[in-house]
Amino acid sequence: MNKSTSTKKELSPKQHQELLSALKARFEKNLGRHQGLVWAKVQAQLEARPDKLWSLAEMERTGGEPDVVGQDKKSGEYVFYDCSAQSPKGRVSFCYDREALDSRKEHKPKNCVLDAAAAMGVEVLTEEEYFALQKLGEFDTKSSSWLRTPAEIRELGGAIYGDRRYNRVFIGHNGAESYYAARGFRGSLKV
């Protein structure tokens with residue numbers, strides 16, 4: 001790993017404390033998202049994984065408002081999702097993947113979902129994870145979020161997204177090269 005990459009993925013002590021404070025406040029405000037989990041244990045796991053803290057800081061910086069939504073029963077890792085009410089503002093107007101981005105000859109978006117997620121060190125929510133998130137609250141009532149698209153859909157040129165309208169969660173589709181000001185993506189991270 002080159003020096004600029006390793007520097008990029010480290011938080012200053014001030015950023016570290018500010019992020020932990022924000023995550024703790026969100027955890028305590030939204031106890032229904034993580035019943036039975038204890039902040040002190042989450043924090044201890046976060047402190048042991050500075051690379052994951054950097055990814056959470058990126059989720060926070062781009063408007064995702066990450067929060068704990070569960071714990072992986074096999075690995076013991078805590079699972080964070082972007083829990084902002086609407087799709088994260090710092091990640092909108094992206095097409096789905098590099099192939100879609102490269103296919104646009106004009107009016108190219110600034111980035112694509114899969115590249116942005118990889119750069120942040122997060123995974124794009126799957127359709128199943130999106131439905132699980134929607135059981136914890138009402139998300140994307142005025143926006144939509146790209147979701148990890150199954151290969152068979154992507155091979156045909158499409159990509160899927162989710163939103164909530166009329167008190168119901170919908171999964172839709174567009175061409176992978178499309179992008180919208182009200183559509184971003186939601187990430188997940190295990191720590």
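Predicted model: local features only at pLDDT ≥ 70, side-chain atom pairs only at ≥ 80, totals over all residues.
Residues are numbered from 1 along each chain as its sequence is written, and side-chain values use heavy atoms, with hydrogens and water left out.

**Stop 1: arginine 154.** Show its side chain and that of aspartate 97: the two make a polar contact at 2.6 Å. A polar contact is a pair of N or O atoms within 3.5 Å; within protein, one must be able to donate a hydrogen and the other to accept it, and residues adjacent in sequence count only if both atoms are side-chain atoms. Arginine 154 is buried, at 14% relative accessibility (buried is under 20% relative accessible area, exposed over 50%, partly exposed in between, with a 1.4 Å probe and protein chains only).

**Stop 2: threonine 149.** Now step back to the loop between β4 (144-146) and α8 (151-154), where you will find threonine 149. Threonine 149 is buried too, with a relative accessible area of 11%. Follow its side chain to the backbone nitrogen of isoleucine 160, at 3.0 Å. Setting aside neighbours within four places in sequence, the contacts of threonine 149 (heavy atoms within 4.5 Å) include Tyr96, Arg154 and Gly158.

Stop 3: Pick aspartate 163 and look across to phenylalanine 170, its bridge partner in β6. Two residues separate the strands of this hairpin, and tyrosine 166 in the turn has a positive phi of about 55 degrees.

**Stop 4: phenylalanine 94.** Next, go to the loop between β2 and α5 (98-103), which holds phenylalanine 94. Phenylalanine 94 has a relative accessible area of 6% and is buried. Draw a line from its C-alpha to that of alanine 176: the atoms are 9.7 Å apart, although 82 residues separate them along the chain. Beyond neighbours within four places in sequence, phenylalanine 94 is in contact with residues including Pro109, Trp146, Tyr179 and Phe185.

Notes
Helix = DSSP H or I, 4+ residues; strand = E, 2+ residues; numbered from the N terminus. Pairing = 2+ DSSP bridges.
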